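Visitor: Can you walk me through this one? Keep it quick.
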Amino acid sequence: MRTLGVLGGMSWTSTATYYRLLNEGVVARLGGLHSAQLLLHSVDFDPVAKAQHEGDWDATVAILARAAEGLARGGAEALLVATNTMHKVADELEQASGLPLLHIADATADAIVADGVSTVGLLATAFTMEQDFYVGRLRAKGLEVIVPDAPQRAEVHRIIYDELCLDVVLDASRDAYRDVMASLVERGAEAVILGCTEITLLVREHDSTVPLYDTTRIHADAGVDFLLG
């Protein structure tokens, strides 16, 4: 088994899910008492989140690059960044660590295209929905991407940071997400990408009339492929 470096903590709630999924994936393939061979660096999310909202992406790189370099020194053979939003600086982290990076948008797009879906809705942080680093990467794979309107994007973003990152799950917020997903379907979405690693704490397949693509699970599966490849 190879060693995978996981850069997490953004937030701890989704990193805990990654750890479970990576280990479940290894056990499913190898059985017995096998578990995933991982190095995990879980950063303090508060300064990262503040820098995100201040638009100071260089500050986020400074924090995360140091962690990624440590994973490489510790013996990691590839890097998995356990968050969608911070793939905005994926190239910088790959360069800083010298490790191949398992890109969450590429893994997600490949899974969607393989299923014959061409038009998707996207739920994520405002950074991920509004900036090109993620949507552009999906479009480069041939996907048409629909994002919620501005008030919906603001509410989706608020729920992620004010609730889900704190492990708070509210029925009212689930209803809000259901409404947003329904509006994306009305606009032509054949499926919806859960493009923030916390969203699966809130919604499941039965909350949508179209298939949901869980980026956390898809990314973890890519990690298992690397571990056992």
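Predicted model: local features only at pLDDT ≥ 70, side-chain atom pairs only at ≥ 80, totals over all residues.

Visitor: How many helices and strands in the protein chain?
Guide: 10 helices and 7 strands. These are DSSP runs, numbered from the N terminus: helices are H or I, at least four residues; strands are E, at least two.

Visitor: What share of the residues is buried?
Guide: Of 229 residues, 55%. Buried means under 20% relative accessible area, exposed over 50%, partly exposed in between (1.4 Å probe, protein chains only).

Visitor: And contacts?
Guide: Contact means heavy atoms within 4.5 Å. Among contacts between residues at least 6 apart in sequence, 75% join residues at least 24 apart.

Visitor: Now α4. Which of its residues are buried?
Guide: In α4, residues 90–97, Ala90, Leu93 and Ser97 are buried. They fall within an arc of 65° seen down the axis, so they line one face of the helix. The arc is that of the directions from the helix axis to the C-beta atoms.

Visitor: What covers those buried residues?
Guide: The cover includes β1 (4–8), α3 (57–73) and β3 (78–81).

Visitor: Which residues are exposed on the other side of α4?
Guide: Asp91 and Gln95.

Visitor: What follows α4?
Guide: Gly98, with a positive phi near 75°.

Terms used: Residues numbered from 1 in each chain as written. Heavy atoms only, no water.
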